[in-house]
Structure formats: structure tokens, C-alpha cells
Protein chains: 2
Amino acid sequence: MQGITLFQYSLIYNAFSFTLAAMAATTLFLWISRSDVAAPYRTAVTISGLVTAIAAYHYWRIFNSWEAAYDVRNGVVAATGYAFNDAYRYVDWLLTVPLLLVELVLVMRLDPADARSKSLTLGFAAALMIVLGYPGEVAADIPTRALWGTLSAIPFVYIVWQLFSGLGASIERQPGAVKGLVKQARLLTFASWGFYPIVYMAPYVHLSGADATTTIQLGYTIADLIAKAVVGLLVFNIAVRKSQLEAA
Amino acid sequence: MQGITLFQYSLIYNAFSFTLAAMAATTLFLWISRSDVAAPYRTAVTISGLVTAIAAYHYWRIFNSWEAAYDVRNGVVAATGYAFNDAYRYVDWLLTVPLLLVELVLVMRLDPADARSKSLTLGFAAALMIVLGYPGEVAADIPTRALWGTLSAIPFVYIVWQLFSGLGASIERQPGAVKGLVKQARLLTFASWGFYPIVYMAPYVHLSGADATTTIQLGYTIADLIAKAVVGLLVFNIAVRKSQLEAA
């Protein structure tokens, strides 16, 4: 990366550290509070914490990789020659994106066979989406990037369709007091996930260089915070309210 | 290792980091969820988490050793002269492979005397298999490798025979609702373990160099993920279902 300014370098550096702290804090909150929800919702809360724990690990690696990629001395940013390893994001998503869908399915408490089949098909579609996106992310030319990006969009569209049609019917059957929260969780998931393909397509419009890197890294980071930490806390909230309703 | 490409180096690097994250996440899930199964199955779940915890530790060491073995700068991979320490794998297996058999035996809940004797004999056979394999792994010539490999195959065949004959009768006595899951766990154990000797025999057919290293490292990593994390989650599933059946 040539020409990255000290301001851009520091902004990303501090955003990575912030996200590491936020993901780790969310994990600890979820796991410590796990026993406060009724037994049927505990696995959903455990998995929500697992997603933020895995993200915390990867932000720690991403932070270290960013630090190793530049030497910042006397206010001057110089590339060290060690590449910033962006693959950590794909490795993270491969684990966390299927789990995110599983936590949404589990907190809805469908009947066990339905929950299992929806977790499996949605989880598999999510993993496929990540795997198909990666060859495009590392491709040198736009046509290859566009080909894999388009292939990756097929499972993405399937997941969105499932969230709004297949799971939609189940959401309508949720108790009135939590229906709004479940819809909010679904909307946040959809909106934050929708951000990733926009970032992915940045090179299509010839965005490149330090400005693009800054936009992409901050964009992925904000999307990760919403999709993992905020959605995880929403899932916890749904679990708390459903536990109260069922105890009453 | 001469001539390893940047792609091969990165693939293995990211696979090691992925596996470290997956093993640690599985451990946390199993230990946090331990209280969700009935008391007689908790030791099986604890040990399943122990296996993935030990593997997470070793993948952290393996990752660091891989990173130290190469200097990757400006897209060029150069060997540093520090050897990649593959012995971590054998040290890991010496601990985890006997424990894997113990978790399978424990989740079946045989009568205590039977469980103890099967855990001891299978655990001992597994440790012997690893110990006998190691001198061949580090041997410089093929005949020495073949000799120790063949010796190591004796306890392996005994374990397979036990899994399908000795434990086979006990599996038939498992409740109908979990019999399929137990057989799946046995099959995954057998199939993933069967991969290790194939990798071990790679030098017999004069496979060597960077392509062989990449295949071997990815192969062992995938086999470890299946044998430890996937089988551990299956054992947890069996424990949950048996707890539900016995509570009903």
C-alpha cells in the first residue's frame, strides 16, 4: 500500500483495537449472563458468545498483522514489506457466519427437527457463500472477481429468501412481545451482511490505493460489529424476554 | 523446504490459524454447555473439550513454528533456517488419541467395569500406535519408515477391530434414537484416522518437496478437525439426546 497517511493508519489501527475490545467484552457479557435465561435458550446465547469470541481472536490477529505491515516512526508511515493478511477475515467468516444463522434459528425455538434442518441448510449456504467469495477477493483482475462474486451471491440470495420467507412464517408465530425484536435481529443481519458485497465490489468502480483500503477496512469492521456484537446482544435480549414470558 | 510458493505458504498459514480458532471455539462450547447434559455424560463432554483444548494449544505452537520457518517479505517466501517442528503433531496425538477413544466409550455409558477396561485397553493401544509411528516419521530411509509404520499398524488394526466388534455389540444395545449418531461417530473416527497412515506413506511413493508438504499439512489438519472437533460435537449431541431420553 503506497501513500497511506498517518491519520488513515492510526484510524484503522485504533478501530481494530476497539473492535477486539468490543468483541471480547460482548463474549464475556454473554457467557456470564448465560445462566440468566431459561434452559431452552442457553445454546443460542452460548453460540452468540462463540461468534464474538472467534471474532475477537481474529481481530487480535488482524491488529498484529496491521502493526507488522507498517513502521511508524517520527510521524512517517513506511511499509515494512510484510503483507497485511486480509485472509483472516474470510477464515473468521467461514466459522462465524454459519454460527450467526444458527443462533438466530435457535433463539426462535422451532421444533427440534425443523431447527436442525434449518441450521444445517442455512449454515451450509453461508459457508458456501464465503468459500465462493474468496477466489474473487484475491483475484488480480476484475472479470475473475466478478465471476466468483456472482457465484457467491447465489447462496446469499438463498439465505435472504429463507430469512424472509422460510423463517418469516416462524417469526410471525413468535410471541407478540418479542416479534419486533426478532424482526430487528433479522433486519440488522440482512443490512450488515448487505454491506460486505458493496465493499467487495469496490474494485469494480476502480477504487484503489490508500483511500480504498481505509474505506474497506473500516467498512468491514463496522459491519462485523453490527452483525456479531449488536445482533448477539439482541439475541440475548430475545432470550431474556422469552424466558420471562414462559415463566409467567 | 525449497520452492514453496506464496500461495502454498499462505494456505497452510491460514489453515493453521483457522484450526486453532475452531479447536478453541469447540472447547469453549463443550465446556460451557457441559451442564446442559445429565450427570453421567458430563465426563465424556469434559474430555471431548479437553481433546480440542490440547489440539488448540498444539495448533498455536504449530502456527508459530510455521511462521518462524519462513520470512515472507514483498511477496517472496524465504526459508529462515529454523525448522518447522512437526513433532508437535505426535506429542498432540499421544495425548489426544487415547482420550478420543475414552470419550467414545464414556458417552456409550457401559457398565463401569466394562467402561474402565475398554478405556484402558483402547487408550493403551492408541498410545502404542503413536509411539511406534514416530521413529518411522523421522527416519531418513524408506525401509526404516516402513518397519515402524507396519509395527504401528498392529495396534491400529486392534483398535478398528474393537470399534467394530467389541464396541459393536454395545452400540447395538444403545437406544434407537442415538444408535445412528453413535455409528456416525465411530465411522467418522475410523475414516479420519484412516487418513493419517495414507499421509504417513506419502514418502513410499517418492512424494516430496513443497507440493508434498502442502498436501501433508492440509491433510493432517482436515483429519484433526474431523477427528477432534466434529467427533467432539457429535459426542455432545449423543449426550444431549441420551439425557433427554432418560429424563422422559
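**Exercise 1. At which residue does α3(A) bend, and by about how many degrees?**

Solution. Step 1: α3(A) bends by about 35 degrees at Trp93(A). The bend at a residue is the angle between axes fitted to the seven residues ending there and the seven starting there. Helices are DSSP runs of H or I with at least four residues, strands are runs of E with at least two, and both are numbered from the N terminus.

Before the next step, some conventions are needed. This is a predicted model, in which local features need pLDDT of at least 70 and side-chain atom pairs count only at pLDDT 80 or more, while totals for chains, interfaces and linings use all residues. Residues are numbered from 1 along each chain as its sequence is written, chains are lettered from A and ligands numbered from 1 in the order in which they are written, and side-chain values use heavy atoms, with hydrogens and water left out.

Step 1: Compare the span of the helix with expectation. The expected span is 1.5 Å times one less than the number of residues.

Step 2: Consider the surroundings. Of the 22 residues of α3(A), 19 are buried, and the helix is mostly covered. Here buried means under 20% relative accessible area, exposed means over 50%, and partly exposed lies in between (1.4 Å probe, protein chains only).

Step 3: Look just beyond the helix. Arg109(A) follows α3(A) and has a positive phi of about 50 degrees although it is not a glycine. Arg109(A) belongs to the loop between α3 and α4 (112-137) of chain A. With a relative accessible area of 44%, Arg109(A) is partly exposed.

**Exercise 2. Describe helix α3 of chain B in the manner of Exercise 1.**

Solution. Step 1: α3 of chain B (residues 87-108) has 22 residues and reaches 32 Å from its first C-alpha to its last, close to the 32 Å expected.

Step 1: α3(B) bends by about 35 degrees at Trp93(B).

Step 2: Because 16 of the 22 residues of α3(B) are buried, the helix is largely enclosed by the rest of the structure.

Step 3: Just after α3(B), Arg109(B) takes a positive phi of about 50 degrees.

**Exercise 3. With which residues does the side chain of Asp224(B) meet in a salt bridge?**

Solution. Step 1: Apply the criterion. A salt bridge is a side-chain nitrogen of Lys or Arg within 4 Å of a carboxyl oxygen of Asp or Glu.

Step 1: Asp224(B) meets Arg89(B) at 3.5 Å, N to O. This pair links distant parts of the chain, 135 residues apart, with Asp224(B) in helix α7 (residues 209-247) and Arg89(B) in helix α3 of chain B.

Step 2: Asp224(B) also meets Lys228(B), at 3.1 Å, N to O. Both lie in helix α7 of chain B, four residues apart, about one turn of the helix. An α-helix has 3.6 residues a turn, so residues three or four places apart point the same way.

Step 3: Check the accessibility. Asp224(B) is buried at 2% relative accessibility, Arg89(B) is buried at 2%, and Lys228(B) is buried at 1%.

Step 4: Turn to chain A. A network of salt bridges links Asp86(A), Arg89(A), Asp92(A), Asp224(A) and Lys228(A).

**Exercise 4. How many residues of chain B are in contact with chain A, and what area is buried between the chains?**

Solution. Step 1: Contact means heavy atoms within 4.5 Å. By this criterion, 21 residues of chain B are in contact with 20 residues of chain A.

Step 1: Buried area is the accessible area (1.4 Å probe) that two parts lose on being put together, summed over both. Between chain B and chain A it is about 1,800 Å², of which carbon and sulfur atoms give 60%.

Step 2: The count between the two chains is one salt bridge. Asp36(B) forms a salt bridge with Arg34(A), with the closest N and O atoms 2.7 Å apart.
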